[in-house]
Amino acid sequence: MVSIEIGTHKAKSVHNIQGSNVCENGRLSPAGNPVQPESEKNTYSRTRPMVGRFYIILFVIIVTLQIVYISQAIASSVEILQEILDKPEAHQTGELETNEITRDISCSGTNDCARNCGKIPKGSRFDCHPETGASQLACTDRGCCWDPVEIPNPRRNVNRKRVSLGEPPCYYPEDWPSYEFVNSTKSGNNFSGFLVRKIKSFYENDLDLIKMETTSLSDDILRVKIHDPENSRYEPPWPLKSNWADFRPKNSVPKYTFEADVLRCGFRVKRVADNVTLFDSVAKGGFIFADQFLQIHSTLPSHNIYGLGEHRAPLKLGTGWRSFTMFNKDQPPTEQANLYSSHPFYFMIEDSGNCHGVLFLNSNAMDVILQPTPAITFRMIGGIFDIYFFMGPTPADVLRQYSEIVGKPFFPPYWSLGFHLCQLGYGSVANTREVWHRTRDAGIPFDTQWNDIDYMDRRNDFTLDKTNYKDLPEFVREIHSVGMHYIPILDAGIGASEKKGTYPAYDEGIRDDIFVKDGITNEPFAGKVWNPVSTVWPDFTHPKSPDYYRRMLQNMHTVFQFDGIWIDMNEPSNFYNGHSTGCLYNKLDNPQYVPNVVGGSLATKTLCMNAQHYLGPHYDLHNTYGIGQAAATNSALSRIRNKRPFVILRATWVGSGYYSGSWTGDVYSSWHDLRMSVAEILSHSFFQVPMVGADICGFDGNTTVALCNRWVQLGAFYPFSRNHNSDDTIVQDPVSMGELVVNSAKRALTIRYKFLPYLYTLFFKAHKFGDTVARPLFFEFIHDKNTYGIDTQFLWGSSLMIVPVLEEVRTSSK
């Protein structure tokens with residue numbers, strides 16, 4: 001193995017999560033402001049004074065009891081805080097001893113003492129009241145246990161209106177009644193059973209009858225599907241399903257066993273080789289299947305869990321009460337925030353060193369909770385439970401099996417493995433050409449020049465600024481003449497304010513009726529991005545949209561012959577929270593449970609949830625918008641250029657790697673962001689998106705020579721290597737940063753270019769087999785537990801180790 005030293009710095013991220021209007025009491029005004037419900041006036045008859053006295057006495061009794069209760073709660077909290085101080089490291093990692101039993105819990109109301117609430121270990125309690133406003137009365141009304149011990153969470157994000165994540169004061173008792181089997185059949189691992197609801201949950205529109213069925217897709221892959229047998233519910237249109245009838249071998253020896261307890265709700269999946277239970281939801285917490293709230297809990301076999309993207313977090317995720325929200329958002333990488341992409345897939349290393357993976361194929365907004373048991377909770381606000389288990393047992397096996405479901409990554413053209421250069425705000429062809437020339441003249445290995453939105457006319461897709469960029473076609477020909485390539489940007493939205501007959505992208509979209517519709521007026525949904533006045537969005541689930549997008553790209557390619565496409569703002573992003581006036585009240589924008597999204601409202605910086613696509617409401621399809629645009633672009637480029645396409649996009653979803661690569665968005669020019677980029681790149685490898693990189697030297701904020709020097713040394717070994725920054729920062733192409741950065745860029749990129757045949761081979765193996773390109777060290781040293789948490793260095797394949805310097809004060813890395 002070759003090791004290249006090209007370190008770690010723990011600094012606070014300077015990103016801030018921008019708050020916005022939050023739905024209160026389930027309502028949002030047309031202007032996006034909270035609407036308070038009218039107060040209800042208490043009335044009683046003057047002829048019945050005894051009734052009034054009774055309520056006064058009752059009020060005094062309640063207040064007295066609450067004072068006693070609060071005093072006990074404070075005393076309990078002090079004990080728990082002392083425990084944290086005594087064991088700070090254990091609490092942070094989530095590996096506190098979970099065999100500790102709390103004091104006996106007093107039972108009241110429906111909370112029967114026979115449930116032994118107090119015997120459930122603190123770290124093994126599943127939250128029964130994840131919303132704000134938990135109280136003893138609300139808790140017992142849900143049939144749950146109340147123990148008012150709340151650990152203040154120092155990681156709480158002040159921009160969310162959600163209780164601190166920790167040991168829940170309201171939690172499910174053992175065998176909380178939900179559903180029971182009424183009819184089931186089992187043959188090997190193939191199971192089919194109907195379940196009926198035993199009690200009404202506290203969420204609206206519980207399904208009375210559901211069906212659980214399993215399918216042995218292969219010896220290594222098991223599918224468990226829980227759905228409504230009477231009515232069709234939403235399922236994601238991507239990734240495209242495989243024909244498993246032709247895939248499964250005739251003589252099957254599965255590596256898993258499926259178990260369902262017909263007396264208690266839930267199921268187990270075990271590994272045959274060592275009988276280890278990988279997933280166990282039997283009588284765990286509260287299994288709920290309501291129209292807009294689906295929940296399932298399971299214990300896990302170890303604390304070594306990875307994936308659940310996209311989030312700013314270490315590579316190995318902590319199980320100390322961690323929450324991961326999945327709802328694509330235009331959000332710069334920030335801790336404890338839902339970011340651009342959603343990948344509800346986790347990868348786990350068991351204590352034996354065997355590995356497995358689990359995919360929850362549900363594209364609705366969701367929260368995933370990890371807790372110290374170790375255990376996991378999935379809470380989704382729509383769709384069905386569609387769960388895939390990948391048995392490994394090696395890391396490579398897990399991801400190869402995963403690729404059978406989500407699709408194997410696209411095979412990028414050789415030139416795309418070179419160095420790329422861009423900046424928002426070159427402002428003209430002349431400035432773009434100047435940067436291009438000086439980079440080449442400095443002898444820096446360099447393959448592809450890019451332009452951001454400033455090349456467009458009025459920032460409209462598929463147009464060209466005829467003043468500042470009128471010579472772009474000639475410049476692109478010059479780039480091609482020396483064997484180099486050119487890529488422009490496209491945004492997801494289409495300008496909607498141009499004069500009729502002057503902007504084909506809008507005119508033809510209206511003619512073909514392919515724009516996302518407003519849920520009330522049925523007119524194209526209007527928001528605002530970079531375009532003047534207003535923006536509409538193509539509906540990529542519409543059957544006519546691929547041909548529409550191909551025509552638009554063909555028209556642009558006729559003007560200047562680009563070689564690939566860069567897609568931005570495809571979450572989809574919107575400068576408004578819905579419309580300019582917000583979203584009118586509806587049940588999709590105001591579900592009973594709102595996942596822990598930045599801003600507190602689903603429509604924050606995106607479309608209203610009741611906006612209509614061809615295949616259904618935006619509420620269901622939001623997270624898949626980006627992959628729809630990627631699929632249309634990939635297909636169009638293949639036809640237009642008759643070559644393998646190259647597409648890079650920001651917001652990804654399960655299976656996006658089949659069509660495109662990605663980048664990690666608007667990272668900040670900081671040492672912290674430099675360090676965290678390694679974990680972010682490696683996480684994308686789990687998701688079958690190997691063509692990925694971070695903006696070298698950072699996108700937002702002014703970089704420094706020291707930071708840019710180290711970043712170009714690391715970035716030369718990102719699978720996708722590009723220097724890019726904003727228009728309100730200093731210029732940061734290598735030459736502009738001075739001799740130190742130029743020399744580092746030349747040296748590091750020269751090494752990259754020497755290894756391009758090896759890198760190209762790795763991408764071919766990813767495309768053919770689902771293998772990783774950049775991979776964590778534990779992929780090759782799975783029995784060395786010291787490697788499980790390493791995310792400051794990484795491997796290309798199995799033979800090249802990258803050891804970057806990630807701290808300003810260091811000159812080398814261990």
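# Loops, disulfides and strands in a predicted model

Visitor: Is Met 569 buried or exposed?
Guide: Met 569 is a residue other than glycine with a positive phi, near 60°. Buried means under 20% relative accessible area, exposed over 50%, and partly exposed in between, with a 1.4 Å probe and protein chains only. Because the relative accessible area of Met 569 is 5%, the residue is buried.

Visitor: How does Ala 283 count by relative accessibility?
Guide: Ala 283 is found in the loop between β10 (277–280) and β11 (288–290), and this residue, which is not a glycine, takes a positive phi near 55°. Its relative accessibility is 22%, so Ala 283 counts as partly exposed.

Visitor: What is omega for the cis peptide bond from Glu 571 to Pro 572?
Guide: Pro 572 is found in the loop between β25 (565–568) and β26 (612–613). Its peptide bond with Glu 571 is cis, and the value of omega there is near 0°.

Visitor: What is the handedness of the disulfide of Cys 117 and Cys 145?
Guide: A disulfide is counted when a pair of cysteine sulfur atoms lies within 2.5 Å, and for Cys 117 and Cys 145 the sulfur atoms are 1.9 Å apart. The torsion about their S-S bond is about -65°, so the disulfide is left-handed.

Visitor: Which handedness does the link of Cys 139 and Cys 170 have?
Guide: Cys 139 and Cys 170 are both buried, and their sulfur atoms are 2.2 Å apart in the disulfide that they form. Cys 139 sits in helix α3 and Cys 170 in strand β3 (residues 170–171), 31 residues apart, and the pair links distant parts of the chain. With 95° about the S-S bond, the link is right-handed.

Visitor: Which residue is the bridge partner of Glu 180 in β5?
Guide: Two strands pair if DSSP finds at least two bridges between them, and strand β4 (residues 179–187) is joined to strand β5 (residues 190–197) by eight bridges, running antiparallel. Their hairpin has two residues between the strands, and Gly 188 takes a positive phi near 65° there. Along this pairing, the partner of Glu 180 in β5 is Val 196.

Visitor: Which residue in β6 does Phe 194 stand opposite?
Guide: Strand β5 is also joined to strand β6 (residues 209–216), with five bridges and an antiparallel run. In β6, the residue opposite Phe 194 is Lys 211.

Visitor: Which are the edge strands of the open sheet of nine strands?
Guide: The nine strands stand in the order β30-β29-β28-β25-β22-β21-β20-β32-β31, and the pairing is parallel. Within that order, four bridges join β21 (residues 448–451) to β22 (residues 485–491). The edge strands, each of which pairs on one side only, are β30 (692–693) and β31.

Visitor: How are α13 and α14 oriented to each other?
Guide: Helix α13 (residues 739–754) and helix α14 (residues 756–769) pack at an angle of about 60°, with their axes 5 Å apart; axes are lines fitted to C-alpha atoms, for helices over the stretch in contact, and angles run from 0 to 180 degrees between N-to-C directions. Contact means heavy atoms within 4.5 Å, and Arg 752, Tyr 753 and Lys 754 in α13 meet Leu 756, Pro 757 and Leu 759 in α14. Angles under 35 degrees count as roughly parallel, over 145 as roughly antiparallel, 65 to 115 as roughly perpendicular and the rest as oblique. The two helices α13 and α14 are therefore oblique.

Notes
Residues numbered from 1 in each chain as written. Predicted model: local features only at pLDDT ≥ 70, side-chain atom pairs only at ≥ 80, totals over all residues. Heavy atoms only, no water.
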